[in-house]
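Subject: Structure handover

Hello,

Please find the structure below, followed by notes on what was found in it. The notes start with the sheet and end with the surface.

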Amino acid sequence: MSEPSVFTRILNGEIPGEFVYKDDLVFAIRDINPIAPTHILIIPREPLVSVNDLDEAKEHIAGRMLVVAAKLAKEMGIDSSGYRLVINTGPDGGQEVMHLHMHLLGGRKMRGLG
Ligand code: 5GP
């Protein structure tokens, strides 16, 4: 079996993390190295590796990730100013942590698409 991801270890309390949300399917933490005033990671409890692991049976998880992003954007006061949701996938997508996660980025103007 592969090693638990850094996000699973944070969820399990093995390493520290600043939680901003938890439910039965997903949790959200502040990114340790923020690139925007608001930089939150929305992560499924199930250690799916990437978007490539999503199928019809996992739709509820993908849907919950988006709904939680909208909820947190409101809570953080960036729903009107706007924000960016990013899911890096695989080597060309720049994914570094092999546990599916969505970045919620806001509080500054985003430019370009990398
Ligand atoms: P990726 O490039 O895989 O989409 O993004 C991984 C993100 O996880 C990066 O923005 C990185 O700063 C964040 N990250 C990596 N390790 C940790 C950690 O131990 N704690 C937290 N809170 N974020 C982490």
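Strands β3 and β5 run antiparallel and are joined by five bridges; strands here are DSSP runs of E with at least two residues, helices are runs of H or I with at least four residues, and both are numbered from the N terminus. Two strands count as paired if DSSP finds at least two bridges between them. H39 has L105 in β5 as its bridge partner.

This is a predicted model, in which local features need pLDDT of at least 70 and side-chain atom pairs count only at pLDDT 80 or more, while totals for chains, interfaces and linings use all residues. Residues are numbered from 1 along each chain as its sequence is written, and side-chain values use heavy atoms, with hydrogens and water left out.

Sheet

On another side of the pairing list, β3 (residues 38-44) also pairs with β2, in the antiparallel sense and over five bridges. There R30 stands opposite I40 in β3. Strand β2 in turn pairs with β1 (residues 19-22), again antiparallel, over three bridges. Y21 stands opposite A28 in β2, and K22 has F27 as its bridge partner in β2.

Taken together, five strands form an open antiparallel sheet in the order β1-β2-β3-β5-β4. The edges are β1 and β4, each with a single partner strand, so one side of each has no neighbour in the sheet. Neighbouring strands are turned by 15° against each other on average, direction ignored. (Axes are lines fitted to C-alpha atoms, for helices over the stretch in contact, and angles run from 0 to 180 degrees between N-to-C directions.)

Helix α2 (residues 59-75) lies across β1, β2, β3, β4 and β5 (102-106) and runs at about 155° to β3. Contact here means heavy atoms within 4.5 Å.

Burial

The classes are buried (under 20% relative accessible area), exposed (over 50%) and partly exposed (in between), with a 1.4 Å probe and protein chains only. Seven of the seven residues of β3 are buried. Both faces of β3 are covered, with T38, I40, I42 and P44 on one side and H39, L41 and I43 on the other. In β2 (residues 26-30), four of the five residues are buried.

Salt bridges

The structure holds six salt bridges, each defined as a side-chain nitrogen of Lys or Arg within 4 Å of a carboxyl oxygen of Asp or Glu.

One of them is between the side chains of E18 and R30, at 3.1 Å from N to O. E18 is in the loop between α1 (6-11) and β1 and R30 is in β2, so this pair ties together parts twelve residues apart in sequence. E18 is partly exposed at 48% relative accessible area, and R30 is also partly exposed, at 31%.

Another is between D23 and R64, at 2.9 Å from N to O. This pair links distant parts of the chain, since D23 is in the loop between β1 and β2 and R64 is in helix α2, 41 residues apart. D23 is buried, at 14% relative accessibility, whereas R64 is partly exposed at 26%. Not counting residues up to four places away in sequence, D23 touches R45, R64 and V68.

The side chains of E46 and K58 also meet in a salt bridge, at 2.7 Å from N to O. Both E46 and K58 lie in the loop between β3 and α2, so the pair ties together parts that are twelve residues apart in sequence. E46 is partly exposed, with a relative accessible area of 33%. Salt bridges that share partners join D23, D24 and R64 into one network.

Surface and loops

L66, Y83 and L85 make a nonpolar surface patch of about 250 Å². Patches take residues with over 30% relative accessible area and no salt bridge, joining like charges within 9 Å and nonpolar side chains (Val, Leu, Ile, Met, Phe, Trp, Tyr) within 5 Å. Accessible areas come from the Shrake-Rupley method with a 1.4 Å probe, and for residues only the protein chains shown count as cover. L85 is in strand β4 (residues 83-86) and is partly exposed at 32%.

V97 is in the loop between α3 (90-93) and β5, partly exposed at 22%. Leaving aside neighbours within four places in sequence, V97 is in contact with V6 and F7.

Regards
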